[in-house]
Amino acid sequence: MSMRYKTIKILFLLLFLSAIQAQEMNTNHDKITLSEKSAFEKIIGDKKTMLFVLKNKQGTVSEITNYGGKVVSLWLPDRNGHYEDVVLGHATIEDYLTSKEKYFGALIGRYGNRIAKGKFMLDSKEYVLATNNGVNHLHGGNTGYDAIIWDAKQIDDQTLELHYISKHMEEGYPGNLTIKVKYELTNANELKIEYWATTDAPTVINLTHHSFFNLKGAGSGTINDHLLQINAPYYTPVDEGLIPTGTLATVENSPFDFQKLTAIGDRVDANHEQLKYGLGYDHNFVLNQNLEGLNYAAKVVEPTSGRTMEVYTNEPGLQFYGGNFLDGSIQGKKGKTYNYRTAFCLETQHFPDSPNKPHFPSTLLNPEEEFYSICVYKFSILE
């Protein structure tokens, strides 16, 4: 057999193997099951809910509805090229409208997290908000930004822009707030969320995003075996109502020390007052700040699949929630049940109750200023 013939044979063999590999990848990619767009079309008031699909060159796919700006799905490969949807949610707009968990994948505002007793002072005037979380105010009130229909425009295959004007005294907040949010699924495999806002009167603002993640796949078991790192030397302890006491506590020698990669479940049931208050982790962490660029906030590794997520932001805080209030009563996409501690949230933000804690980083926005916040969820595969 001539050398030339051997070379041609090897080339054909390599091409054949590449074709098989590509076919396998395509087969895995074909397992991505997108929602029916028609299932998200509904007229509510004078606005229409819709579903938008973002795709990048890495093969990552995300679905987002303009109802609450909710991320409906996020499809990521594992180390074998098998795709799973890693965010909890529902397959129809009707399910979102009636869901027991209203924050799946949502944009949160005007003030994400809690405000004590639903009250704050601004320019010597007291503003009274809904108390929709016991005696406290949570995530913008009874009808927060998670429950409004955003004006939406898909810019390209990878970018969606959402717009909303939050009227003066909506849910008790002063000032007409003009908001733009941009979702971008970058070719660096990032889900980038950017927020801009301006106001015509002094107000408080704390916008964030509330996807519930499970890097094994939504509804695929516990997240307590995920490894978590949070770039934070301090956290903000809370009272029984999950309102910060105002102090900053070191994470050293406590169940809140995630400065190194640690299994989420290693200490979640420790005999610690703060874990009893939150029924586990539901706390704001004080991030290390960079002088330039974004702050590295957190990293999560799911060892079996190899799926890895890093979080970057310009915000001073990160709320880590460990799915403590999921109780198996919610059936999500593909009929999967969302059980106790089967999802985690990492919400980049200012601190809870900052309007009542002058020593916390300020959440005040004045008319001559522009609010800007960014959260980047960057995905990769651990080999």
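**Figure 1. The largest pocket of the predicted model.** The largest pocket in this predicted model has a volume of about 550 Å³. Its lining is made up of 24 residues, and those closest to the centre are Tyr-103, Arg-114, Asn-133, Leu-138 and Phe-325. Sorted by class, the lining of the largest pocket holds nine nonpolar, seven polar and eight charged residues.

**Figure 2. The second largest pocket.** The space in the second largest pocket comes to about 210 Å³. Fifteen residues line this pocket, and Thr-33, Trp-75, Asp-85, Lys-333 and Lys-334 lie nearest its centre. Strands β5 and β6 each contribute at least two residues to the lining of the second largest pocket. By class, this lining divides into five nonpolar, four polar and six charged residues.

**Figure 3. The open sheet of β3, β4, β5 and β6.** Four strands form an open sheet in the order β3-β4-β5-β6, and their pairing is antiparallel. Strands β3 (51–55) and β6 (83–85) are at the edges and have a single partner strand each, so one side of each lacks a neighbour in the sheet. From one strand to the next, the twist averages 15°. Within this sheet, the antiparallel strands β4 (residues 61–65) and β5 (residues 71–77) are joined by four bridges. One of the residues to look for in this view is Glu-63, whose bridge partner in β5 is Ser-73.

Figure 4. Strand β22 covers residues 282–286, and five of its five residues are buried. In a regular strand, side chains alternate between the two faces of the sheet. Here both faces are covered: Asp-282, Asn-284 and Val-286 are buried on one side, and His-283 and Phe-285 are buried on the other. Strand β19 (residues 234–235) runs antiparallel to β22 and is joined to it by two bridges. In that pairing, Val-286 of β22 has Tyr-234 opposite. Strand β25 (residues 317–321) also pairs with β22 in the antiparallel sense, over five bridges. At Asp-282, the bridge partner in β25 is Tyr-321.

Figure 5. Most residues other than glycine have a negative phi, and most peptide bonds are trans. The peptide bond that joins Gly-109 and Arg-110 is cis, with omega about 10°. Arg-110 lies in the loop between β7 (106–108) and β8 (114–115). Asp-123 is not a glycine, yet its phi is positive, near 50°. The loop that holds Asp-123 runs between β9 (119–122) and β10 (125–128). Asp-123 counts as exposed because its relative accessibility, 62%, is over the 50% cut-off. Lys-334 likewise has a positive phi, near 60°, in a residue other than glycine. This lysine, Lys-334, is in the loop between β26 (330–331) and β27 (337–338). With a relative accessibility of 59%, Lys-334 is exposed. Lys-334 is also one of the residues nearest the centre of the second largest pocket.

Figure 6. A disulfide is a covalent bond between the sulfur atoms of two cysteines. How many disulfides does a search of the whole structure find? The search finds zero. For Cys-345, the closest cysteine sulfur is that of Cys-375, 12 Å away, which is too far for a bond. A disulfide would require the sulfur atoms to be within 2.5 Å. Cys-345 is buried, with a relative accessible area of 0%. Cys-375 also counts as buried, at 1% relative accessibility.

Figure 7. Leu-185 belongs to strand β14 (residues 177–185). Is Leu-185 buried or exposed? Leu-185 is buried, because its relative accessibility of 1% is under the 20% cut-off. The residues Leu-185 and Ser-62 are 123 residues apart along the chain, while their C-alpha atoms are separated by 7.8 Å.

Methods
Residues are numbered from 1 along each chain as its sequence is written. This is a predicted model: local features need pLDDT of at least 70, side-chain atom pairs count only at pLDDT 80 or more; totals for chains, interfaces and linings use all residues. Side-chain values use heavy atoms; hydrogens and water are left out. Two strands pair if DSSP finds at least two bridges between them. Axes are lines fitted to C-alpha atoms, for helices over the stretch in contact, and angles run from 0 to 180 degrees between N-to-C directions. Buried means under 20% relative accessible area, exposed over 50%, partly exposed in between (1.4 Å probe, protein chains only). On a 1 Å grid over the protein atoms alone, a cavity is a set of points where a 1.4 Å probe fits but cannot get out, and a pocket is an open set with protein on both sides within 12 Å along at least five of seven lines; lining residues have an atom within 4 Å of a point. Grid points are joined across faces, edges and corners, and a volume is the space filled by probe spheres set on the points. Ala, Val, Leu, Ile, Met, Phe, Trp, Tyr, Cys and Pro count as nonpolar, Asp, Glu, Lys and Arg as charged, and the others, Gly among them, as polar.
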